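Work through the exercises below with the sequence and the model open. Each task is followed by a stepwise solution.

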Amino acid sequence: MENQIHPNQHKSTKATHKPVQHVFVLRDWKEYIGESGLIIFSVLLALILTEFINNQHEKSQTKELLSNIKDELVKNKQNEEEQYVYQQGVLRRIDSVLNSSDLQQKILAGNEFNFKYLAPSGVVYHDLSKVAWQVGQTHNIFLKIDFKLVERLTDIYDNQARIDKLEDKLGNILLSYESRRPENIRETLILIRDNYHGWAFDRAPSLIKKYDDAIKAIDKEL
């Protein structure tokens, strides 16, 4: 039969596709400028806010550093006032021993120098702290505060460092063989007295005043 369909015969079909239509939105130059301006404004605003936040953080940090330095100066002033009174007593005892051969024999007995008789609480009565100042230096506090205040603080801590040298200077005297010889007792006592005056005692009144001035200057910065 002519109309018989053979199983191996397939009817060819072709898929028909409709063309894809793309829609393009045309914008004029004003819209592009507006969008560009918005982006630039957003970037500038972010930079300004970041700078503002950083400045506020830096100011807060500087105030904290100054506050810690002020607290340290207040404590050091109190310690130096007490130390000044203590060293007055040391110097009086040295003068007493210088004027008494009997006391000199008590100070130097059996080749041992009894320094405790002159300074019962040690060479210095208090240590003067510098921790807050050192922390401030690590945070470049020089660049964040008034130059005159930097000068004051540097001078104060330099004077403290000189006072700290007193122990080493007296140690060099007292640990030497010559200081243990009875015929040198007066010279040893005079050297001790002169070192107290030169490194610590004579420096104390001006240092105490410098503490006061620096504390007032810091208050103006806070």
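**Exercise 1: an aspartate and its partner**

Aspartate 212 lies in helix α6 (helices are DSSP runs of H or I, at least four residues, numbered from the N terminus). The model is predicted, so local features need pLDDT of at least 70 and side-chain atom pairs pLDDT 80 or more, while totals for chains, interfaces and linings use all residues. Residues are numbered from 1 along each chain as its sequence is written, and side-chain values use heavy atoms, without hydrogens and water.

Task: classify the accessibility of aspartate 212 and describe its contact with lysine 77.

Solution.
1. Aspartate 212 has 27% relative accessibility and therefore counts as partly exposed (buried is under 20%, exposed over 50%, partly exposed in between, with a 1.4 Å probe and protein chains only).
2. Lysine 77 is 135 residues away from aspartate 212 in sequence, yet their C-alpha atoms are 8.0 Å apart.
3. The two side chains, of aspartate 212 and lysine 77, form a polar contact at 2.7 Å (N or O atoms within 3.5 Å, one able to donate a hydrogen and the other to accept it; residues adjacent in sequence count only if both atoms are side-chain atoms).

**Exercise 2: a helix pair**

Task: how are α4 and α5 oriented to each other?

Solution.
1. The axes of α4 (residues 147-174) and α5 (residues 185-200) come within 9 Å and cross at roughly 170 degrees (axes are lines fitted to C-alpha atoms over the stretch in contact; angles run from 0 to 180 degrees between N-to-C directions).
2. Helices α4 and α5 are therefore roughly antiparallel (angles over 145 degrees; under 35 is roughly parallel, 65 to 115 roughly perpendicular, the rest oblique).

Notes. Helix = DSSP H or I, 4+ residues; strand = E, 2+ residues; numbered from the N terminus.
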